[in-house]
Amino acid sequence: MQDTKNTRQSVPNFTLNNGEAMSAIGLGCWMGRQGEGPHVTNTVRTALKLGYRHIDTAANYGDEVSVGQGIGSALQPDESPTYIETWHLMQELLKTGKTKAIGVSNLSVELLSSLLKDPRTTIIPAVNQVEAHPCLPQHELLEFCRSKGILLVAYSPVGKHKFGDDEDILAIAQRLNVTSAQVMLSWGVQRGTAVVPKSEHEERLAQNLSILELSSADMQVLDRLHLKPGMHRSVCGFHSLDLGGSCFGWSYKQLGWNFGPGGVICE
């Protein structure tokens, strides 16, 4: 077992469209359930000590206090508007100097296009965080974001380990003597996306920082994994049959997502 005690690993960065740097590998703070707790604080603290400097969090995770406590203990100090209206309010935040960059999450090409076309939009989002992994590679969205200078950030980048035992992924992992997760994370970073996996285990946290260079043949295998029967789908549990298919009260049509019931892509 690798000794991760007091080890700070070097992590590659992506440069955002405003010149700021963002770590290519982040820590996902959705712990599979809502709620605060020492498991969240300890995970964040451990990750920061290992070298993580990209923390993914959101109010609906229900653990932001614990995330903050983890950060505070590890680092030293040195009704609802539309999403477009929210973005325009966020633009003002940059003027305060309290944040280096602002971004969006779960925006499809359709919604991003509407945001960028709005005459009040003066700042292009630095990032767009979406579910992305070999079974849901988001190729079209990635190309669109790249054309606009927007960094795509992948949550659930290893697909919640629901297809890590696929024979093609296992073959790559075994040949390179790494885990399936490391293969998928390496694919994500190599294709130009930042990734935010999660784990409460220190050994896995350390492994997730150890990405590798994949061959073009390996990249092509992973790029095409979603073409296998039944594989092109979301693995997240937030899908509902309400409204003919929806997430968090938004229909798939409103979101601009090409999903069918249960998050399966409509081919």
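Is Cys 135 buried or exposed? At 0% relative accessibility, Cys 135 counts as buried (buried means under 20% relative accessible area, exposed over 50%, partly exposed in between, with a 1.4 Å probe and protein chains only). The views below come from a predicted model, where local features need pLDDT of at least 70, side-chain atom pairs count only at pLDDT 80 or more, and totals for chains, interfaces and linings use all residues. Residues are numbered from 1 along each chain as its sequence is written, and side-chain values use heavy atoms, with hydrogens and water left out.

**View A. Cysteines without a partner.** You'll find zero disulfides here (a disulfide being a pair of cysteine sulfur atoms within 2.5 Å). Cys 135 is in none, and the nearest cysteine sulfur, on Cys 236, sits 12 Å away. For Cys 247, the closest cysteine sulfur is also that of Cys 236, at 8.5 Å, which is too far for a bond. Cys 247 is buried, at a relative accessible area of 4%.

**View B. Trp 30 and Tyr 61, a tilted pair.** The structure has three aromatic pairs (rings of Phe, Tyr and Trp, using the six-membered ring of Trp, pair if their centres lie within 6.5 Å; planes under 30 degrees apart are stacked, over 60 edge-to-face, the rest tilted). In this one the ring centres are 5.8 Å apart and the planes meet at 55°, so the pair is tilted. It links distant parts of the chain: Trp 30 is in the loop between β3 (27-28) and α1 (38-50), and Tyr 61, 31 residues apart from it, is in the loop between β4 (55-56) and α2 (64-74). Helices (H or I, at least four residues) and strands (E, at least two) are DSSP runs, numbered from the N terminus. Trp 30 is partly exposed at 30%, while Tyr 61 is buried at 13%.

**View C. Trp 257 and Phe 259, edge-to-face.** Here the centres are 5.4 Å apart and the planes are at 85°, so the pair counts as edge-to-face. Trp 257 is buried at 18% relative accessible area, and Phe 259 is buried at 12%. Ring pairs join both to Tyr 252 in a cluster.

**View D. The largest cavity.** It holds about 30 Å³ of space (on a 1 Å grid over the protein atoms alone, a cavity is a set of points where a 1.4 Å probe fits but cannot get out, and lining residues have an atom within 4 Å of a point). Its lining includes His 133, Met 184, Trp 187 and Arg 191. Helix α7 (residues 180-190) gives the largest share of that lining, three residues.

Technical notes
1 Å grid on protein atoms, 1.4 Å probe; cavity = no way out; pocket = protein on both sides within 12 Å on 5 of 7 lines; lining within 4 Å. Points joined across faces, edges and corners; volume = space filled by probe spheres on them.
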